[in-house]
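These are my notebook entries on one structure, written down in the order in which I looked things up. I keep each entry to a single topic.

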Amino acid sequence: MKHLIFLVLSVLFVACQTPKTNVTVLMKTSKGDMKIKLYDDTPLHRDNFIKLAKQGYYDSLLFHRVMNEFMIQGGDPDSKNSAAGTRLGNGGPGYKIDAEIKYPKRFHKKGALAAARQPDKVNPEMRSSGSQFYIVQGKTYNDEQFTEVEQRLKSMKRQSLFYETLEDYKDTLNQCRQSGNQMAMMDLKIEIEELVEKKLSELPAISIPDDLKEEYRTLGGVPHLDDNYTVFGEVLEGIEVVDEIAGVATDKNNRPKEDVYILNVKVLK
């Protein structure tokens with residue numbers, strides 16, 4: 001009998017430890033509800049979001065950054081009970097999440113759920129915020145706009161490679177600064193820029209795949225963010241709530257003038 005009880009408990013323990021798949025969550029907001037699917041191929045972000053939701057971490061937080069035809073952002077713990085007009089966006093649980101960028105499979109179509117992060121200059125690894133996320137509203141695009149986006153993506157990739165390469169030269173740069181050798185600094189800058197261009201030339205041509213262009217033409221989204229942020233889910237129901245939140249009046253910091261709350265996030269499956 002004891003062996004049977006032990007076996008049952010062992011099976012239950014393993015089941016509890018097995019990562020969940022095909023998970024959906026219900027995000028209740030002061031503007032309505034959204035049912036969101038979390039992707040299984042971004043397990044670090046999926047499991048972290050589930051953990052925070054179960055802890056009630058998101059309860060009563062704000063959508064603190066809202067930009068019409070772009071996205072709505074929330075998940076900053078500092079937004080709870082924050083005074084009107086307070087600038088938000090720097091809070092988190094005290095850790096970051098390794099990037100799980102799955103482009104072009106996962107991209108910034110309308111309704112995409114993605115992780116916010118610090119810029120490349122201080123975060124060349126593109127690690128995600130531990131709690132802040134955004135949901136894409138975006139807009140539709142035409143062929144002329146796609147050309148502009150592709151040029152922007154190339155510029156962003158160049159910038160990302162620059163900061164990534166800069167890390168390798170950090171000690172040499174510090175030595176040049178300390179010695180005040182401006183000529184050496186200029187030579188080093190040229191060397192880094194040439195190396196960046198070489199790396200860029202060795203990459204596949206930056207272009208938006210045709211199937212993604214069709215999505216952006218019809219559904220809409222924000223293509224210039226692709227391959228730069230981790231997309232880890234999508235809105236299945238309630239996309240009209242994203243539109244409503246994105247359309248509210250905001251202040252100079254893109255914070256809604258009237259608070260928009262995440263009431264809670266419940267794991268459904």
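Predicted model: local features only at pLDDT ≥ 70, side-chain atom pairs only at ≥ 80, totals over all residues.

**Entry 1, Glu 237.** I looked up what Glu 237 touches and, leaving aside neighbours within four places in sequence, I found it in contact with Asp 33, Met 34 and Lys 35, where contact means heavy atoms within 4.5 Å. Glu 237 has its place in strand S9, and I note that helices (H or I, at least four residues) and strands (E, at least two) are DSSP runs, numbered from the N terminus. Glu 237 is partly exposed, with a relative accessible area of 48%; buried means under 20% relative accessible area, exposed over 50%, and partly exposed in between, with a 1.4 Å probe and protein chains only. I also took the separation of Glu 237 from Thr 140, which lies 97 residues away along the chain, and the two C-alpha atoms are separated by 20 Å.

Residues are numbered from 1 along each chain as its sequence is written, and side-chain values use heavy atoms, with hydrogens and water left out.

I recorded 7 helices and 10 strands in the protein chain, and its C-alpha atoms fill a box of roughly 75 × 55 × 45 Å along the principal axes. Of the 269 residues, 42% are buried. Among the contacts with a separation of 6 or more, 76% are between residues 24 or more positions apart. The chain exposes about 14800 Å², of which carbon and sulfur atoms supply 51%; the areas come from the Shrake-Rupley method with a 1.4 Å probe.

I found 11 aromatic pairs in the structure; rings of Phe, Tyr and Trp (its six-membered ring) pair if their centres lie within 6.5 Å, and planes under 30 degrees apart count as stacked, over 60 as edge-to-face and the rest as tilted. Tyr 57 is buried at a relative accessible area of 18%, and Tyr 58 is buried at 1%. Phe 63 and Phe 133 also form an edge-to-face pair, with 6.2 Å centre to centre and 85 degrees between the planes. Phe 63 lies in strand S3 (residues 61–67) and Phe 133 in strand S8 (residues 133–136), so this pair ties together parts that are 70 residues apart in sequence. Both Phe 63 and Phe 133 are buried.

Which side chain makes a polar contact with the side chain of Ser 82? I found that of Arg 255, at 3.3 Å; a polar contact is a pair of N or O atoms within 3.5 Å, and within protein one must be able to donate a hydrogen and the other to accept it, with residues adjacent in sequence counting only if both atoms are side-chain atoms. Ser 82 sits in the loop between strand S4 (71–74) and strand S5 (96–97), and it is buried, with a relative accessible area of 16%. Not counting residues up to four places away in sequence, Ser 82 touches Leu 62, Leu 88 and Arg 255.

Arg 177 lies in helix H4 (residues 170–179) and is exposed, with a relative accessible area of 52%. Its side chain is joined to that of Asn 174 by a polar contact of 3.2 Å.

I noted a cis peptide bond between Tyr 103 and Pro 104, with omega about 5 degrees; Pro 104 lies in the loop between S5 and strand S6 (112–115). Met 126, a residue other than glycine, has a positive phi near 60 degrees, and at 10% relative accessibility it counts as buried. Asp 227, not a glycine either, has a positive phi of about 70 degrees, and at 31% relative accessibility it counts as partly exposed.
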